[in-house]
Amino acid sequence: MSNYEDDSDTEMGRYGMDRPPSSYGSMQSDDHEDEEEDDLQELPFKETTRVRIHRPDSPETAITERTNTNQSSIYKDGLVLRQPIMHTEEPHAFHSINRESSIVEPSELQSDIRTEAAMDEEPNDRDADRDMQEQQSESAAMEIQEKQAEATAQEDDFDEIVVRYDEPKESPPIPEEGLGLQFQHMHGSLTLRHVLMQMVGCLSKLYPAEIAYFKRCLSTHCRFRKHYSRIADLHDPLDLVDKMIEISGLGEALYLTIRSLHNVGKDNLSDYLKKSCRRALLQHDLKMAHDRRYSSLYEGRCRPGQQRYISDVYVEPVTVIRGSREPVNLENEVQRIPYTIVETQIRAADIFRPLPTDSKPIRTVMMTGVPGCGVTVAVNKVINDWMEGKTNQDFQLVFPMPAKELHLGKDADQSFLETLSSYFAEAGDIKFIEKPDCLSLFIIDALELCKHNLDFKNNEVVSSARTKAPLDALLTSLITGTMLPNARVWITSHVSAAHRIPPHLIDRYVELRGFTDEKKEEYFTKRTPEPELGRKVYNHMKRSKALEIICHLPLFSWMVAFIFERGFRDPDYGEHPPGITVFYSQYIIVQMNRSFEKYRGCSVEAQKWKDEDKMFTEMMGKMSYRLIQEGRDWFTVEDLSSVNLKYEDLRSRDELTTEVKRKNEDVRTWVFKFVHITVQEYMAAMYAYVTFRKHGKNVIEHGKMSWLQGSTKDRPMIDLYRPAIDRALASPNGHLDMFLRFLVGLVTPGTEDHLRGYQLSHYHPKAKGIEDVVKYINKKKKENFHPDRLRNLDWCLVELEEGKEAK
């Protein structure tokens, strides 16, 4: 060893004496040789003694032995001993590194300390004898250390080397709302102090040539390639580590240090650092994996190159602790139903944060919401915020487990740790996850896609993450808390699948309600780099009350923003109020495609519309028309059966509907609704229009036979719209107003094009007689009707005007 190591130890001593942390700037030492001598006098040893130590495991052992024989020393100045800086309550914590690098404690060296002049006076044979004695004594010491290390491995599974520090006595301040679980001090092994001291301690055991080789290995990494000049002249390990952390961050600096130590042949130091900073390294690896997967999102369908950073578009929807109110928004442009139920609002990041009235911690949370309300995006945002250190820092590790992928693992029995490692290669063999001081979060997203039975009654109970069992048993044991009781579990699901988890196992139910008016404005202005364009889009959307209401769904807001942003490229765009039919046409297509993607896959073949899919939408429209005639906005399995559909058909295409009531396990008692009543009204209008265009049948006039009216493809459109307009004007409460508006909007070329290839063939003849429809509407406007009905006729004319061109 050289004086270099002594100097670095001196610097570590300064760090232990409240040296400024990394954030205060570089720690590069500017001391000269005369200053170094002053520092050496401040050491706890009364006398500075130079010794020669035999290093059997060192890469320079052969050179050392050769120089001992010749009675000379490679490093003329010898070795200056220092008192260790890092203390541990568990002496076996450093056995691995001490055994492999032959670090001898000062107490063991007192009998061997001799001056270099005295050693030079001894004959060569005495040197050889003494070397043999040292080898024998050190080999015996190594055997003892190996036995102690084996005992340590049996006790702690050799999972991590624990270096204990005094925990802060003062409690951390209560975090603000929206920061989630941040009520505890950071775990000692995750702190800057611990990681920095471990890195410096390992680099202090390198020779100057090895330090230079270490820095050359760093320069091959892309992050240090352009910053190599900043570390090229650094020789002090503390300064080098400080600069690495400044350049790349704590986790990346730790990872690169471990990798570079391995590259320079110091596997013993690399393994020790990996085990002493095991949690920090795993957390860094998980954050890198989450950054690749959850930092961006797709709006609508997943298309290459269409992703956007979640921080650029995300606006937090309203989240509430579920009460007695149904999940569907009942607000409607025509029928206004006031809300009288008061619910407890909560931030999405705070769902595990106990309320003042809670008597125990929140372990398991179930989050639900109607399709398109943004549940999965909210999960991605929470993961992204944890990754960036913004929220929920009490969680040391976060493991997303998409329910759609859970069945892709091995069929054979395996432990929970093996299951984790199959989804996260970074999480291989992490036995410390079972320790009480390791708080982890497991997220099971989209429970409706889980293909496992989740048999809580008959599955075996698993209590250890290292016990092999079927994956179904591992999942149920995780949710019940018999395995990893200190972990937190977050489950998201459609309402129709939430019953798969027994209610007594859920500590909190939360629901996403969607955007408020303020959130809508924030979304439209945030998602575009031109805030002025976002305000134009928002103001234009508000001109239609129906769009303003349905935009509480984030998915619908994306569609409106996407179309209007392109429309405003034309300076003349926005003269008329916006039509709504084109949006609902595209909404149905997008939601059906999302169902295909979830339940069939993302391949081109899986995304094709099949005949049964076209039949499903047509039959759902038929049922919707019946519900409107009866004045209902809900349906049951019996209503599905009346149009030759089954519950399985609905469950595999569940992006348009949601379950709102369940009395018992009998499926016949379950009650469903469309995600909004306007979706039901559009489906009814689409059914009436497609039936008339394809088959010449007018469902509004039951008594007339279509074959008496001539060819089905040549019938004038006025035959469909005359009775529809008359019946809508005769309605006392306007229950057919939205139905009529959608029906009129579908006849325009720009809107009908969205049906071609789905409900209509690509070469279906164009609609005829649209001018007669406009004349009939204007004629009815001159007659004395209810003001609300006349206002609806004006909106019908808007639909005709806005639907002339495709969007």
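**A buried aspartate, a covered helix and some rings**

D654 is buried, with a relative accessible area of 5%. Keep in mind that this is a predicted model.

Where does D654 sit? It is in the loop between α27, residues 647–651, and β10, residues 657–661. What does D654 touch, once we set aside neighbours within four places in sequence? The contacts are P371, E448, H494, S595, K598 and Y599. Take Y599 from that list. Its side chain makes a polar contact of 2.6 Å with the side chain of D654. Now take E448. It is 206 residues from D654 along the chain, yet the two C-alpha atoms are separated by 9.7 Å.

Next, the aromatic rings. The model has 24 aromatic pairs. One of them is F399 with F442, and it is stacked: 5.3 Å centre to centre, with 15° between the planes. F399 belongs to strand β6, residues 397–400, and F442 to strand β7, residues 440–444, so this pair ties together parts that are 43 residues apart in sequence. Buried or exposed? Both F399 and F442 are buried.

Now a second pair, F556 and F583. Why is this one called tilted? The ring centres are 6.5 Å apart and the planes meet at 45°, so the pair counts as tilted. This pair also links distant parts of the chain. F556 is in helix α23, residues 554–567, F583 is in helix α24, residues 581–599, and the two are 27 residues apart. F556 counts as buried, at 0% relative accessibility. F583 is buried too, again at 0%.

F556 and F583 are part of a cluster linked by ring pairs.

Two rings carry a charge over the face. K287 lies over W386, 5.3 Å from the ring centre. R632 has its charged end over the ring of W634, at 4.6 Å from the centre.

Last stop, helix α13. It runs over residues 250–263, 14 residues in total. From first C-alpha to last it reaches 20 Å, close to the 20 Å expected at 1.5 Å a residue. Which of its residues are buried? They are G251, E252, A253, L254, L256, T257, I258, S260 and L261. And what covers them? The cover includes α8 (192–203), α9 (208–219), α10 (222–225), α12 (237–248), α14 (267–276) and α15 (278–294). After α13 comes G265, with a positive phi near 90°.

That is the tour.

Notes: Residues numbered from 1 in each chain as written. Predicted model: local features only at pLDDT ≥ 70, side-chain atom pairs only at ≥ 80, totals over all residues. Heavy atoms only, no water. Helix = DSSP H or I, 4+ residues; strand = E, 2+ residues; numbered from the N terminus. Expected span 1.5 Å × (residues − 1). Buried < 20%, exposed > 50% of the residue type's maximum accessible area, 1.4 Å probe, protein only. Contact = heavy atoms within 4.5 Å. Polar contact = N/O pair within 3.5 Å; in protein donor to acceptor, adjacent residues only side chain to side chain. Phe/Tyr/Trp six-rings, centres within 6.5 Å; stacked < 30°, edge-to-face > 60°. Lys NZ or Arg CZ within 6 Å of the ring centre and 35° of its normal.
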